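User: I have a structure open and would like to talk it through slowly. Could you help me read it, one region at a time?

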Amino acid sequence: MPLSRRTFAAAALCTLLPLSACGSGDDGGTSDASGKVEGDITFQTWNLRANFKPYFEDLIAEFEKKHPGTRVKWIDQPAEGYADKISADAAGGTLPDVVNVSPDLVAPLAQAGLALDLDKAAGQYKKEYLEGAWAGHQVPGVTGTYAFPWYLNTGPLFYNKSLFEKAGLDPEQPPRTYDELFDDALQLAKKSDGKVATLANVPTIEDFGRYGVPLMNDEGTGFAFNDPKGVELLTRYKELYDAKALDPQALTATPESSGKKFLTQAVAMNPGSALDLGNFKKQAPGLYENIGITDQITSTGHANMYVMGVMVNAQSKRKPAAVAFAHFVTDAAHQMSFARQVAIFPSTAGSLDDPYFTKEDGTDETRVRVAAAKSLKTAVNYTPVLFSEQMKTELRNAVARALQGKESPEAALDNAVEACDRLLRQQG
């Protein structure tokens, strides 16, 4: 799949069709992956051949040399229709042995018994990965872990030091928690007579997670973001909206429109990437000179991350080879090698301590990479694996109704949870 930060974020949130034809929730075969690593297996990636063909050809050749008697057939599927392709293969019994997945794609496969439980089959490898990354492919209501964590992504937050200073705020001490954010945002709006908003986006499910709101019940059978803490968060956003500390167009904002607001210095904070820094340097040198880079806002101490994974087909007839290859693709050495080719981050423990992720060299790319890598060490994937695009729309609409005063924050979230629970039941 494409690997830009924004494309990654969007693709990591796509939805798999119901797998009603896939069978029960039991493992389709034994979880035993012990035995000799041998035989032919298939490996499917997600739109990676065009840009990384030599990397994967070398990777496969290295694995086959290490394990004589194995042969890996590489299949690459286009980004468009990837979820539908997995759904069709799952229903038809033609799922590859090793599959590139995101958490939302693995959830129905795990529920249908088609994803191998790595806690049982390959638990000895768990310690090699960041704790939050290993947990990224766990499914509420289903015991186990259903993919090796592969590459990660996240983004730091940009802020305009000049706007902070003009509002009487310390430009070297940007907000780190939501309480600090709300206080600073109100001051920025007040000092600028409502001309400078701090944020250009309404809260998403990740914001509720970073605020410390429980998103689902423990059984994975219902959503819980309408609890008092969730209502508190939306109430605070309503306060920002009324004070013009939240951009008036936030209800319909896109990443592009939010970026333009930040570029024109109408908004004081915005997520971004090294590419954005390059644009600022060319298009808004005054802004570029005053750019600050800080961590994502979080009241939990844990930033949000997006995680990709490598799943093993529970019905594979070559489980030892499939597990060995999935681990090989995602081990520390190969993740580090991949990360040097593209702007992603390894999910393996200790890899983010490499100087590549810790030492700046004066370039914009490195500034952003170092800032993002630092936050990933303890980051988690807040988006529930069962939270579909339709559910995101329900939450966004509810937030809009609350901000516009059409419903109270409590009523809006109650209605959103009711709608999302109904969609969840339909998925099952």
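User: Let's start with V385: which residues is V385 in contact with, leaving aside its neighbours within four places in sequence?

Analyst: V385 is in contact with P103, D104, A107, G136, Q138, V139 and P140, where contact means heavy atoms within 4.5 Å. Please keep in mind that this is a predicted model, in which local features need pLDDT of at least 70 and side-chain atom pairs count only at pLDDT 80 or more, while totals for chains, interfaces and linings use all residues. Residues are numbered from 1 along each chain as its sequence is written, and side-chain values use heavy atoms, with hydrogens and water left out.

User: Where does V385 lie, and is it buried or exposed?

Analyst: V385 lies in the loop between α17 (364-376) and α18 (389-403); helices here are DSSP runs of H or I with at least four residues, strands are runs of E with at least two, and both are numbered from the N terminus. Its relative accessibility is 9%, so V385 counts as buried, since buried means under 20% relative accessible area, exposed means over 50% and partly exposed is in between, using a 1.4 Å probe and protein chains only. The C-alpha atoms of V385 and H137 are separated by 7.9 Å, although the two residues are 248 residues apart along the chain.

User: How confident is the predictor, by pLDDT?

Analyst: The protein chain has a mean pLDDT of 90, and 93% of its residues reach 70 or more; pLDDT is the predictor's confidence in each residue, from 0 to 100. Over residues 1-28, however, pLDDT stays under 50, and for that stretch the model has 91 contacts beyond four places in sequence. Where pLDDT is low, the predicted coordinates should not be read in detail.

User: Okay, new topic. In what order do the strands of the open sheet come?

Analyst: Six strands form the open sheet, in the order β2-β1-β3-β8-β4-β9, with mixed pairing; two strands pair if DSSP finds at least two bridges between them. The edge strands are β2 (70-77) and β9 (345-346), each of which pairs on one side only.

User: Why is β8 largely enclosed?

Analyst: Seven of the seven residues of β8 (residues 306-312) are buried, so the strand is largely enclosed by the rest of the structure. In a regular strand the side chains alternate between the two faces of the sheet. For β8 both faces are covered, with Y306, M308, V310 and V312 buried on one side and V307, G309 and M311 buried on the other.

User: What about aromatic rings, how many pairs are there?

Analyst: The structure holds 30 aromatic pairs, where rings of Phe, Tyr and Trp (its six-membered ring) pair if their centres lie within 6.5 Å, and planes under 30 degrees apart count as stacked, over 60 as edge-to-face and the rest as tilted. One of them is the stacked pair of Y55 and F338, with 4.8 Å centre to centre and 25° between the planes. This pair links distant parts of the chain, 283 residues apart, as Y55 is in helix α2 (residues 49-66) and F338 is in helix α15 (residues 332-339). Both Y55 and F338 are buried, and both belong to a cluster linked by ring pairs that also includes F43, F52 and W150.

User: Last one: which residues of α10 are buried, and what covers them?

Analyst: In helix α10 (residues 228-242), the buried residues are G230, V231, L233, L234, R236, Y237 and L240, and their cover includes α8 (178-191), α9 (205-211), α18 and α19 (409-427). After α10 comes K244, with a positive phi near 65°, although K244 is not a glycine. Most residues other than glycine have a negative phi, and most peptide bonds are trans. K244 is partly exposed, with a relative accessible area of 47%.

Notes. Expected span 1.5 Å × (residues − 1).
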